[in-house]
Amino acid sequence: MAVQEIRFDDVAALDALKTDEWGEWSDPFEITQDVIQAFAELSGDHQWIHVDVERAKKESPFGGPIAHGFLTLAILPRLARKERALQITGYRNAVNYGSDGLRFLAPV
């Protein structure tokens, strides 16, 4: 696969790539209770709806435990395609400074 290179400051070229279609993602990644538990340890968020399987089965409106919203956000880089058809060039580093209007609309 030929990789297209576009400079980070070539706004017209980047704009031309916009589409309403979703691209390809990685192979599936299963969010297991072990992954949820590990994230709870890392984040310090031990809310029962995530980590108490039996209570979540009885009391949760979802019928069982759900993943932390921030866990689903944190795995986005893992879900990126392994082979990319586009390489952004001309910069030394990039910083993620947040997500505007982020909402978690469905449980995982």
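Q: Which residue does Lys 18 meet in a salt bridge?
A: In this predicted model, the side chain of Lys 18 meets that of Asp 15 in a salt bridge, at 3.0 Å from N to O.

Q: Are those two buried or exposed?
A: Lys 18 is exposed, with a relative accessible area of 61%. Asp 15 counts as partly exposed, because its relative accessibility of 42% falls between the 20% and 50% cut-offs.

Q: How many salt bridges does the count come to?
A: The count comes to 4 salt bridges. Among them is the one between the side chains of Arg 7 and Asp 9, with 2.9 Å from N to O.

Q: How accessible are Arg 7 and Asp 9?
A: Arg 7 has 41% relative accessibility and counts as partly exposed. Asp 9 is also partly exposed, at 42%.

Q: And Lys 57, what does it form a salt bridge with?
A: Its partner is Glu 54, and the closest N and O atoms are 3.7 Å apart.

Q: Where do Lys 57 and Glu 54 lie?
A: Both belong to helix 4, which covers residues 53-59. They are 3 residues apart, about one turn of the helix. Glu 54 is partly exposed, with 46% relative accessibility.

Q: Changing topic: which residues make up the largest nonpolar core?
A: That core has 6 residues: Ile 36, Phe 39, Ala 67, Leu 71, Ile 75 and Leu 79.

Q: What does Phe 39 touch?
A: Leaving aside residues up to four places away in sequence, Phe 39 touches Gly 44, His 68, Phe 70, Leu 71 and Ala 74. Of these contacts, Leu 71 is also a member of the largest nonpolar core.

Q: Which helix is Ala 38 found in?
A: Ala 38 is in helix 2, residues 33-43. With a relative accessible area of 48%, Ala 38 is partly exposed.

Q: How far apart are Ala 38 and Val 51?
A: Their C-alpha atoms are 9.8 Å apart in space, and 13 residues separate the two positions in sequence.

Q: On to the rings. How many aromatic pairs are there?
A: The count comes to 3 aromatic pairs. One of them joins Phe 8 and Tyr 91, whose ring centres are 6.4 Å apart and whose planes stand at 75°, so this pair is edge-to-face.

Q: Where in the chain do Phe 8 and Tyr 91 sit?
A: The pair links distant parts of the chain, 83 residues apart. Phe 8 is in the loop between strand 1 (4-7) and helix 1 (11-16), whereas Tyr 91 is in the segment after strand 2 (86-89). Phe 8 is partly exposed at 42% relative accessible area, and Tyr 91 is partly exposed at 41%.

Q: Why is the pair of Trp 22 and Trp 25 tilted?
A: The ring centres of Trp 22 and Trp 25 are 5.9 Å apart and the planes are at 40°, so the pair is tilted.

Q: Where does Trp 22 lie?
A: Trp 22 lies in the loop between helix 1 and helix 2. Its relative accessible area is 72%, so Trp 22 is exposed. Trp 25 is partly exposed, at 44%.

Q: Which residues form a nonpolar patch on the surface?
A: Trp 22, Trp 25 and Leu 76 form one, and together they have about 410 Å² of accessible area.

How values were computed
Residues numbered from 1 in each chain as written. Predicted model: local features only at pLDDT ≥ 70, side-chain atom pairs only at ≥ 80, totals over all residues. Heavy atoms only, no water. Core = buried A, V, L, I, M, F, W, Y, C linked by side-chain atoms within 4.5 Å. Buried < 20%, exposed > 50% of the residue type's maximum accessible area, 1.4 Å probe, protein only. Contact = heavy atoms within 4.5 Å. Helix = DSSP H or I, 4+ residues; strand = E, 2+ residues; numbered from the N terminus. Phe/Tyr/Trp six-rings, centres within 6.5 Å; stacked < 30°, edge-to-face > 60°. Patch = residues over 30% accessible without salt bridge, like charges linked within 9 Å, V, L, I, M, F, W, Y side chains within 5 Å. Areas by Shrake-Rupley, 256 points an atom, 1.4 Å probe, with all protein chains shown as cover.
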